[in-house]
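The entries follow the order in which I looked things up.

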Amino acid sequence: MSTTEVGDRFRDQVVALLRAAGYSTTSEILEGHKRVDVIFERSTFGKRRRYALEAKNWAQPLNHTDLEHIFSGYASLVLRHDIEELLVVSPLEIRSAAAKKYVCEDAG
């Protein structure tokens, strides 16, 4: 199985979980300039919230540089309010102290 197929299967598993939780989802969509793995949304109390999700099923845990690169690719979508938040999903726990700090302080 190719790495693309492995990644697509992982993304599809995440989409299935989001749908089971009641979110409306769209996969592999061009949003502005950016190819997004998943856009999901939910309306609560009359307010719609849109999220982008980047699924990364890599052999190694994401590091600080990986996260900076991913988040910078979505910055314009957040600034234009096309999405409220970006979620990055990976089956591997972040191990790098710098990456953990980036997620908790800089990107969050």
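My notes cover a helix, a pocket and a few single residues.

**Ground rules.** I am working with a predicted model, where local features need pLDDT of at least 70, side-chain atom pairs count only at pLDDT 80 or more, and totals for chains, interfaces and linings use all residues. Residues are numbered from 1 along each chain as its sequence is written, and side-chain values use heavy atoms, with hydrogens and water left out.

**Helix α1.** I took helices (H or I, at least four residues) and strands (E, at least two) as DSSP runs, numbered from the N terminus. I checked the length of α1 (residues 3-20). The expected span is 1.5 Å times one less than the number of residues. For the 18 residues of α1 that gives 26 Å, and the end C-alpha atoms are 26 Å apart, so the two agree.

Next I asked which residues of α1 are buried. I call a residue buried under 20% relative accessible area, exposed over 50%, and partly exposed in between (1.4 Å probe, protein chains only). F10, R11, V14, V15 and L18 of α1 are buried. They cover an arc of only 140° around the axis, which puts them on the same side of α1. That arc is taken from the directions from the helix axis to the C-beta atoms. On the other side of α1, I find R9, Q13, L17 and A20 exposed.

I then looked for what covers the buried residues of α1. The cover includes β1 (24-31), β2 (34-44), β3 (47-55) and β4 (85-89). Just after α1, I noted G22 with a positive phi of about 95°.

**Second largest pocket.** I used a 1 Å grid over the protein atoms alone; a pocket is an open set of points where a 1.4 Å probe fits, with protein on both sides within 12 Å along at least five of seven lines, and lining residues have an atom within 4 Å of a point. Grid points are joined across faces, edges and corners, and the volume is the space filled by probe spheres set on the points. The second largest pocket holds about 240 Å³. It has 13 lining residues, with T3, G7, D8, A55 and W58 nearest its centre. α1 gives the most to this lining, with 6 residues. Both α1 and β3 supply at least two.

I sorted the lining by class, with Ala, Val, Leu, Ile, Met, Phe, Trp, Tyr, Cys and Pro as nonpolar, Asp, Glu, Lys and Arg as charged, and the others, Gly among them, as polar. The lining has 3 nonpolar, 4 polar and 6 charged residues.

**Two strand residues.** For contact I require heavy atoms within 4.5 Å. T25 sits in strand β1 and is buried at 12% relative accessible area. Leaving aside neighbours within four places in sequence, T25 contacts V15, L18, R19, V38, I39 and F40.

V88 is in strand β4. At 25% relative accessibility, V88 is partly exposed. With the neighbours within four places set aside, V88 touches E54, K56, L62, L67, I70 and F71. V88 and K56 are 32 residues apart in sequence, yet 7.2 Å apart in space, C-alpha to C-alpha.

**Positive phi.** Most residues other than glycine have a negative phi. I found E28 near 45°. E28 lies in strand β1 and is partly exposed at 34%. F45 has phi near 55°. F45 is in the loop between β2 and β3 and is exposed, with a relative accessible area of 85%.
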